[in-house]
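Dear colleague,

Here is the structure I am handing over. My notes on its helices and their packing follow below it.

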Amino acid sequence: MHIWGHFKTITRHRHMVMKLCFKAGLYRQGLAHDLSKYSITEFSKGIRYYQGVRSPNNYEREVTGISLSWLHHKGRNKHHFEYWLDYDIKDPGRMTGMLMPRKYVAEMFCDRIAACRVYEKDAYTPASPARFFYRSSGRFMMNDVTRRELGYLLTMLSVKGVDESLRYVKHEFLKGTEIPDDYVECENLRDFDERYEAGELGI
């Protein structure tokens, strides 16, 4: 059991997200972020599968075939796109992503920055959250608009850094400013890396 290690990790992450949310003007969401991680269901699994370099949910999934902690967490936290998966009324039998309100997309943006900072430590760069995004196949389950919005914010972070990105979130994104028409999503991680190195991300 890794009680202290897990407690420090989730608390550091929560405080980091809180600060980022505050800068984006999301005060209530910042205060409430990830409180379910301290529940019996999630905390007990966290201390059992704690590794310190990645989410214990991944290890729990590898060991048992399912992460009960994650199922509990995603059903109670609206900043996870998985919370917004539902049946597709246009295609019975298929699940699809619902459009996320922008305030939760913004919190998801902050959450991904903090998660990469916590787990990557000194290896973290402003491109880390975008690289994680393009490395994950989970993005294909997102609503198309939500995926485009998050991708744009993470790309902006890679190019312009956290302070300017949070200013954009607070003063433009959360005010309804449309994502620029000339923004082109990357196809995959390799495409992102190549365009990032060449300075061709278009932000």
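**Core and helix packing**

In this predicted model, the largest nonpolar core has 42 residues. Phe109, Leu150 and Phe173 are the residues with the most contacts inside this core. At least two residues of the core come from each of H1, H6, H7, H8, H9 and helix H10 (189-197). The helix that gives the most is H6, with 10 residues.

Leaving aside neighbours within four places in sequence, Leu150 is in contact with Val105, Met108, Phe109, Arg112, Phe133 and Met142.

Next, the pair H6 and H7. Two packed helices are described by the angle between their axes and the distance between the axes. For H6 and helix H7 (residues 128-135), the angle is about 100° and the axes are 9 Å apart. Angles from 65 to 115 degrees count as roughly perpendicular, and H6 and H7 are therefore roughly perpendicular to each other. On the H6 side, the contact is made by Arg112, Ile113, Cys116 and Glu120; H7 contributes Ser128, Pro129, Phe132 and Phe133. Sorted by class, this contact has 5 nonpolar, 1 polar and 2 charged residues.

Last, helix H9 (residues 162-171). Its buried residues are Val162, Ser165, Leu166, Tyr168 and Val169. These residues cover an arc of only 155° around the axis, which puts them on the same side of H9. The helices they pack against are helix H1 (3-23), helix H6 (102-120) and helix H8 (144-160).

Regards

Technical notes
Residues are numbered from 1 along each chain as its sequence is written. This is a predicted model: local features need pLDDT of at least 70, side-chain atom pairs count only at pLDDT 80 or more; totals for chains, interfaces and linings use all residues. Side-chain values use heavy atoms; hydrogens and water are left out. Buried means under 20% relative accessible area, exposed over 50%, partly exposed in between (1.4 Å probe, protein chains only). Helices (H or I, at least four residues) and strands (E, at least two) are DSSP runs, numbered from the N terminus. The arc is that of the directions from the helix axis to the C-beta atoms. Contact means heavy atoms within 4.5 Å. Axes are lines fitted to C-alpha atoms, for helices over the stretch in contact, and angles run from 0 to 180 degrees between N-to-C directions. Angles under 35 degrees count as roughly parallel, over 145 as roughly antiparallel, 65 to 115 as roughly perpendicular and the rest as oblique. Ala, Val, Leu, Ile, Met, Phe, Trp, Tyr, Cys and Pro count as nonpolar, Asp, Glu, Lys and Arg as charged, and the others, Gly among them, as polar. A nonpolar core is a set of buried Ala, Val, Leu, Ile, Met, Phe, Trp, Tyr and Cys residues joined through side-chain atoms within 4.5 Å.
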